[in-house]
Amino acid sequence: MSNELIADIGVCENRVALLEDGELTEISIERPGTERMVGNIYRGKVSSVLPGMQAAFIDIGYEKNAFLYVGDIMAKKDYMDDDDETEQDIKGCNIAELLSAGQELTVQVIKEPIGSKGPRVTTNVTLPGRHLVLLPDADYTGVSRRIESETERNKLKKIAEGLKPKGMGLIVRTASEGMEEDDFTDDLNFLLKLWDNIKLKERSGPVPRCMHKDMSLVHRAVRDMFTKDIDKFVINDRQQYNRVLELVDMVSPALKYRVEYYGKDYDMFEYYQLETKIAKALSRKVWLKCGGYIVIDKTEALTVIDVNTGKYVGGSSLEDTVLKTNLEAASEIAKQIRLRDIGGIIIIDFIDMHEHDHQQAVLDALKQALKKDRTKTAVVGMTGLGLIEMTRKKVKQELSTVLNVDCPYCDGSGKVLSPEGIARSAAKEIARHMSQTTSDTLQVELHPLVEHVLKSDINGYFSRLQETYNKKILLKGSDKLRYDEIRINQVDIRTLVC
C-alpha cells in the first residue's frame, strides 16, 4: 500500500490530505483566525456551576464559555479540600462540592466549539509528543490500540513503566512501534520541560489566558501522521518545507528523505485530483464499485447511513447479492466516516440479511475497516431491527460543516417552496402594491417557473384584481432572478408602448 501526505499551503487556508493507494481518506483544514483549539491549555475562571447538569461553564477568553463536565474533572489537591493526593472517583460527587463561581483552574480543550456550543474542556491535561503522550496528573501507562502485536505491546508497556516519572503517566504512540528505550529519552525530556514551563505560567498572569497552544496543522501532521508507513510527505511552500525538514530531522531523521517540495505551477490539489474527491465527500449519495450505493444523512442527534443494492443485481442468489453489497458497503462506510470526520451516534441500515453468519461477517468487516481510523470508534452491535449502532468520538467539526454553509434560501433544509407557494406570496405582494400605488401599471419580474403559474391564473384572480383597482399588471419572467425573488416596479404604460 502506498501512503502519501499532501500539504497545500494556500492564501486563505492550509490543507493536509492523507492518500492511501491514491484514495483520499483524511483531510484537515486550518484557516487564519479559526485555528484548532483542541490541545490548547488555558488558565480559566469558573463562570457558573450547574448542579442539575453536573457541569460548569469556564471562561477561557473565548467568545463562548467552555463546558466542563464533572467526569472530566481530576480531583487534585491544588483545588480540593482533601489531603489525599491520589486520583479519586468523583463521578458520584456533586459538582458544586468541587467547583465554585470565580474559582481559577487550568483546563485543556478536548472538543472544538461546534454550532452553538462552546469548546469542551477537561482538567486532565495530556501533552502529546512524537512517540509518547505525557499525562502529568495520572499515574498510568498505556500503549496505542493501533499496535496489535501482543509481544510488541508488552515490550513497549514495560519500557513506558521504566521511564514513567513519579506521579505521572505515559502512553506510547503508534509511531513508536519497533523502538527501544533509548529512542524515547529526547521525547520524554521535551515533554517534561514543556510541562514545567506550563506550570510556571500557571502561577501568575491575567485570567483567563492561554498558557499553551498546540502546533499548527502542518507540524501536527509531522508529529501525529508522518510515520514509517508514509511513503511521501509533499508540501508546496518552500518556507514550510524547510521547517518540516528541521522538525523531521529532530523527531525521525530516517524519514527526512521522504519529504518532497512541490514546485509546479499547476494547482497541487488539482494535480493529485483531490478537488473532485473532496466534492464526492460532500455528496449525500456514494456509489459502490459493485453498483450499489450508500446514502448519508445528518440529523441533530445522529447520522444515519442507508445501504442499497442500486444497479447491482448479483448472480447466483439474493443472499449472496445482499452479502456482497453489504461487505463492500461496510468498507466504504468506514472510509466515509473517517474522511468526513463524522462524530457522535451513527446508525447503519444494511440491507436485510436472514443468515446469522452473514450478519456477523458484515459486522466483523466493519470493525476491521474501522481499525484504520485514528479517532476512537465503538461498534455497539446490531439491534432487533437489524440496524447497526456505533459511536465515533466527536472532536472537531465535520468536513461538510467546514467546507459548506447553510443555503441562505432554504436555511439548510435542502428544500424551497413550490412554484405555486411562491406564486401565492407574490400575488399577495402584488395586491398590496396595487392598493398603494398611484401608477396605472405594475411590471412584475419573477423566475420563469413562478411566472408560468401566475399567468395560468386559473381562478381569474388577476383579472378581478385589475378590474378592482383599474390598473394593469405586466408579468415578466427572468432567469437572472432567484427562484423566490420578486421585483415590482411602477411604470408608465406609454413609455412601454413607445
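The model is predicted, so to speak with care: local features need pLDDT of at least 70, side-chain atom pairs count only at pLDDT 80 or more, and totals for chains, interfaces and linings use all residues. Residues are numbered from 1 along each chain as its sequence is written, and side-chain values use heavy atoms, with hydrogens and water left out.

**Helix 3 and helix 4**

- Helix 3 (residues 217-224) packs on helix 4 (residues 238-251) at an angle of about 30 degrees, and their axes are 10 Å apart; axes are lines fitted to C-alpha atoms over the stretch in contact, with angles running from 0 to 180 degrees between N-to-C directions.
- That makes the two helices roughly parallel, the label for angles under 35 degrees.
- Val218, His219 and Val222 of helix 3 meet Gln240, Arg243, Val244, Leu247, Val248 and Val251 of helix 4, where contact means heavy atoms within 4.5 Å.
- By class, this contact has six nonpolar, two polar and one charged residues; Ala, Val, Leu, Ile, Met, Phe, Trp, Tyr, Cys and Pro count as nonpolar, Asp, Glu, Lys and Arg as charged, and the others, Gly among them, as polar.

**Helix 10 and helix 12**

- Helix 10 (residues 419-436) and helix 12 (residues 461-469) pack at about 10 degrees, with 10 Å between their axes.
- This pair is therefore roughly parallel too.
- Helix 10 brings Ala427, Ile430, Ala431, Met434 and Ser435 to the contact, and helix 12 brings Tyr461, Phe462, Leu465, Gln466 and Tyr469.

**Second largest pocket**

- Its volume is about 1,400 Å³, meaning the space filled by probe spheres set on grid points joined across faces, edges and corners.
- A pocket here is an open set of points on a 1 Å grid over the protein atoms alone, with protein on both sides within 12 Å along at least five of seven lines, and lining residues have an atom within 4 Å of a point.
- The lining has 41 residues, with Lys298, Thr299, Glu398, Ser400 and Thr401 nearest the centre.
- Strand 6 (66-69), strand 17 (293-298) and helix 9 (399-403) each supply at least two lining residues; helices (H or I, at least four residues) and strands (E, at least two) are DSSP runs, numbered from the N terminus.

**Largest cavity**

- The largest cavity has a volume of about 60 Å³; a cavity is a set of points where a 1.4 Å probe fits but cannot get out.
- Thr174, Ala175, Glu177, Thr227, Lys228 and Asp229 line this cavity.

Technical notes: Parallel < 35°, antiparallel > 145°, perpendicular 65-115°, else oblique.
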